[in-house]
Amino acid sequence: MNNLVLVNLPFIVVALLLAVGFYTIGFKRNLIKVVIGVEILEGAVNLFLIALGYVKGAYAPIYTMAPKEAANNMVLPTPQALTLTSIVIGVAVSALMLAFAVNIYRHYGTLDVTKARRLRG
Amino acid sequence: MIEHLPALMVAVPLFGAFTTPLLKKKPSAAALWALAITAVTLGLGVLLVMEVLTRGMMVYVFGADEPGLVLPSGYSVPIRIIFEVDAMGAFMALSAVLMSFIGAMYSYSHVKLETGLEKYYALLLLLEVGILGMVLTGDLFNLFVFLEIAGIAGSALVGFRNYRGEASEAGLKYLIVSAVASLMVLFSIGLLYGQYGNLNIAYLSSQIGFNTVDMIALGILFASFVMKCGSVPTHHWVPDAYTEVPSGINPVLLVATYASLYALFRVSFSLFGTISLSMSSVGWIMSVLGVLTMFIGVTMALVQKDVKRLMSYHAISQTGYMLLGVGVGLTVLNDPAKLAAFGRDAMAGGIFHIINHIIYKSLLLMTAGALFYVTGTRNLNEMGGLARKMPYTTVAFIVGAAAISGIPPFNGFASKFLIYETSYQLNPLLAIFAMVTSVLTLASFVKVFASAFLGPPVKRYENVREVPKPMVVAMLILAALCILFGLFPNIVLDKLVYPAVDALLNLNGYQTWGGVL
């Protein structure tokens, strides 16, 4: 039982992070906090990808001077490549979101999402 | 060169996007350069469509000749980035390249007085790259990357007029929706990769066995793409984004929205196609979402005073027609008799409506942009008597309004009629809702026409003149396309739309890459 929890610990953390991220996006009123919520979601998804790719006791991927016993015992590099790409994209997204938040603060004088609402109807 | 077309379609606008900022000192040179790049891409797109329609599906493997890695044991598995272009993808690519060209042409005058134009055109080309990548790719992760490119470029363009707070507000809304949707897409890609160890759509669809995790992945993918294509109940970002974006970008942003719709169809028909036995409930969900979307969209449009906002709500309502048409097809997917009787035609109606709607809604949003260009306001109550001053814009508006209301012989009628006929055979209630929506659409456009173009001349606009030539030319091209597609719908249906429908239905051909594997 204890072992089951330990093995699935990354996935439990992913589920928790997803819940926290969605809560933050949905219920927080400060724009910066909403942006942080998106970042938490991104962290959850990245952790999920990394946890998928991890194999206990296997060798690191693309390991040129690998010992003989690593021949059929290497981790696939794909999830790690996916995560790197997703991190880079995530940086661009968060930079743009924060730029928008700064611009909104400059024009509206507030970061409260319930007050910065000129577009409606 | 022909065999490299799928790669060139992405490479040329990408090259353009990274060279445009070099022309920082000369904004009009940047505009002409972007126009040239989009024109070249348009040529490539036409070539690609002709190639795909005559020779069948194109498979392009980046960095190798063969799509699969064959192990000594004879086990063959696709590992590289593979572009897989069938008639449906080519159809969407044609819409994208056409609308980018028109948008670049219209922008030449429309945003001439703004600053930072080299960034504007770079983002326009980047948005085109994102759309083309999404519709041409055969790889799930690649789809996510291009989805994010389109989302980032699109929201940066929505917030382009950064001296207005509203633009940033709309941009942030669009970006949050698109970031959450694409992160969830990535999550479900992870779910599928964890089970089947591959990212290729064709390979995955032949492996998929619909266990609980697949069902979760389908649900997440469906919800995310529905969110990105602006269907009810997650339609709130559409009116803001379409209103605040400069009118020259509207055509491209519309295609970007429908690229998500394309991804939704691809997921439903190709990725989860083998489990089509249980797909009819998904089809019903899609049809009901479509009906709700069209009805809620049009009723919210009726009360708007801002002319662009009104048209944006119509964009939501028209998305409903596409969802309804293709949803009806998806509902009867596993019933060959019904599929032949009306399912295929329903899908043709839905897919034909995509290109028709892109044409006439771009036209309408451009006329709204023209009104904004000359009057400086988007409020309908402050306009009036502009018909005499702006004859070309008026003609373009009338054509667009007639087309969106489904009046023959304009193009909206051709596709809407197909949808009415076929959805009636599934359930008469669906067709009734579609027709009521059409009538309400006409009502709201009569209101716009009366208050902006007719009525006594307003003193403030005594000296206004017709908008500059590039804007007029862009609008007249689209108006001509509206009439052409309406007069000869059979040609378009036979040459472009039915091949696209058959490509969606031909799961076997997609899985085997048209016989390559």
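Residues are numbered from 1 along each chain as its sequence is written, and chains are lettered from A and ligands numbered from 1 in the order in which they are written. In this predicted model local features need pLDDT of at least 70, side-chain atom pairs count only at pLDDT 80 or more, and totals for chains, interfaces and linings use all residues, while side-chain values use heavy atoms, with hydrogens and water left out.

**View 1. Chain A, helices and extent.** Chain A has four helices and zero strands, in the order α-α-α-α from the N terminus. Helices (H or I, at least four residues) and strands (E, at least two) are DSSP runs, numbered from the N terminus. The radius of gyration of chain A is 20 Å, whereas a compact globule of 121 residues would have one near 14 Å; the radius is taken over C-alpha atoms, and the globule rule is 2.2 Å times the number of residues to the power 0.38. The C-alpha trace of chain A spans about 65 × 35 × 20 Å along its principal axes.

**View 2. Chain A, burial and contacts.** Of the 121 residues of chain A, 35% count as buried. Buried means under 20% relative accessible area, exposed over 50%, and partly exposed in between (1.4 Å probe, protein chains only). Among contacts between residues at least 6 apart in the sequence of chain A, 48% join residues at least 24 apart; a contact means heavy atoms within 4.5 Å.

**View 3. Phe15(B) and Trp33(B), an edge-to-face pair.** The structure holds 17 aromatic pairs over all chains. Rings of Phe, Tyr and Trp (its six-membered ring) pair if their centres lie within 6.5 Å; planes under 30 degrees apart count as stacked, over 60 as edge-to-face and the rest as tilted. The ring centres of Phe15(B) and Trp33(B) are 6.2 Å apart and the planes stand at 75°, so this pair is edge-to-face. Phe15(B) belongs to helix 1 (residues 5-19) of chain B and Trp33(B) to helix 2 (residues 27-55), 18 residues apart. Trp33(B) is partly exposed, at 29% relative accessibility.

**View 4. Phe449(B) and Phe453(B), a tilted pair.** With ring centres 5.8 Å apart and planes at 35°, Phe449(B) and Phe453(B) form a tilted pair. Both sit in helix 16 (residues 428-453) of chain B, and because they are four residues apart, about one helical turn separates them. Phe449(B) is partly exposed, with a relative accessible area of 22%, whereas Phe453(B) is buried at 1%.

**View 5. An aromatic cluster in chain B.** Tyr60(B), Phe62(B), Phe83(B) and Phe146(B) are linked into a cluster by ring pairs.

**View 6. Gly273(B) in a loop.** Gly273(B) is found in the loop between helix 10 (250-271) and helix 11 (280-302) of chain B. Gly273(B) has a relative accessible area of 6% and is buried. Leaving aside residues up to four places away in sequence, Gly273(B) touches Ser268(B) and Leu507(B). The C-alpha atoms of Gly273(B) and Gln511(B) are separated by 9.9 Å, although the two residues are 238 apart along the chain.

**View 7. Two cis peptide bonds in chain B.** Val232(B) and Pro233(B) are joined by a cis peptide bond with omega about 10°; Pro233(B) lies in the loop between helix 8 (212-228) and helix 9 (237-244). The bond from Pro408(B) to Pro409(B) is also cis, with omega near 5°, and Pro409(B) lies in the loop between helix 14 (391-404) and helix 15 (411-426).
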